[in-house]
Amino acid sequence: MLVAEDDRAVRESLIRALQLEGYTVVAAHNGAETLETLKQAEPDVLLLDVSMPVVDGLTVCRVLRAEGNQLPVLMLTARTETTDRVAGLDAGADDYLPKPYDLDELLARVRALLRRSGFEEPDGQSDDKSLVLDDLQLDPAARRVFRGPREIELSKTEFDLLRLLIDNKGIVLEHSTIYDRIWNYDFGPDSKNLAVYIGYLRRKTEAEGEPRLLHTVRGVGYTARSGN
């Protein structure tokens, strides 16, 4: 994996921790070096700091997605406001972890991203047929989503979350269940990550005024059901 972090102490600490877990790690200290290293190393996951010199992390992520590169990206930043998280997700990040972070939580998120990048499927999900809800169609094998004739581009995390909800349409999934199935880690009741992803999916699936398919069940979780 590639660690892109301009703070030398943080970068070296991350490298040591990841190597102790058995990962092969390469590193970059600014955004320009990150983009160049990505071409040479072809990592499975990118740990990307937002505030880097030369080219910042948000721009790095936007360049990757503009090039069609769907490399899983875990964005690391000292910025903790919801608007900052949304900016990271809008740039194409798959996950977002504010500093200071717990190492165990970071490793859990890395493992979840690696599983998804290898297309490991949760129990009960199959790649042999499309999932349909109203005019939304999700093709697990091709990892493509359509709302009517309009194709919707999603990150890996967004796709997996939408698939989980559509595959369980009509069933209310609790927050803890979703965190466990998508991130393999329950970030607790104060985490806003799930709400941010749901909001992002709603904006994409309702971009042309289509009826809402992803609904909030207050105090419980979320469900996918007909918008009619």
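Me: Which residues of α2 are buried?

Reply: The buried residues are Gly-31, Thr-34, Leu-35, Thr-37 and Leu-38. Buried means under 20% relative accessible area, exposed over 50%, and partly exposed in between, with a 1.4 Å probe and protein chains only. This is a predicted model, where local features need pLDDT of at least 70, side-chain atom pairs count only at pLDDT 80 or more, and totals for chains, interfaces and linings use all residues. Residues are numbered from 1 along each chain as its sequence is written, and side-chain values use heavy atoms, without hydrogens and water.

Me: Why are the buried residues of α2 said to line one face of the helix?

Reply: Seen down the axis of α2, they fall within an arc of 165°, so they line one face. The arc is that of the directions from the helix axis to the C-beta atoms. On the other side of α2, Lys-39 and Gln-40 are exposed.

Me: What do the buried residues of α2 pack against?

Reply: They pack against β1 (2-4), β2 (26-28), β3 (46-49) and α3. Helices (H or I, at least four residues) and strands (E, at least two) are DSSP runs, numbered from the N terminus.

Me: Why is α2 called roughly parallel to α3?

Reply: The axes of α2 (residues 31-41) and α3 (residues 57-66) cross at roughly 30° and come within 9 Å. Angles under 35 degrees count as roughly parallel, over 145 as roughly antiparallel, 65 to 115 as roughly perpendicular and the rest as oblique. Therefore α2 is roughly parallel to α3.

Me: Which residues make the contact of α2 with α3?

Reply: Gly-31, Thr-34, Leu-35 and Leu-38 of α2 meet Val-60, Val-63 and Leu-64 of α3. Contact means heavy atoms within 4.5 Å. These residues divide into five nonpolar, two polar and no charged. Ala, Val, Leu, Ile, Met, Phe, Trp, Tyr, Cys and Pro count as nonpolar, Asp, Glu, Lys and Arg as charged, and the others, Gly among them, as polar.

Me: Why are α6 and α8 described by their angle as they are?

Reply: Helix α6 (residues 156-167) and helix α8 (residues 193-205) pack at about 85°, with axes 10 Å apart. The two helices are therefore roughly perpendicular to each other. Their contact has eight nonpolar, one polar and two charged residues.

Me: What makes the buried residues of α7 line one face?

Reply: In α7 (residues 175-182), Ile-178, Tyr-179 and Ile-182 are buried. Seen down the axis of α7, they fall within an arc of 100°, so they line one face of the helix.

Note on methods
Axes are lines fitted to C-alpha atoms, for helices over the stretch in contact, and angles run from 0 to 180 degrees between N-to-C directions.
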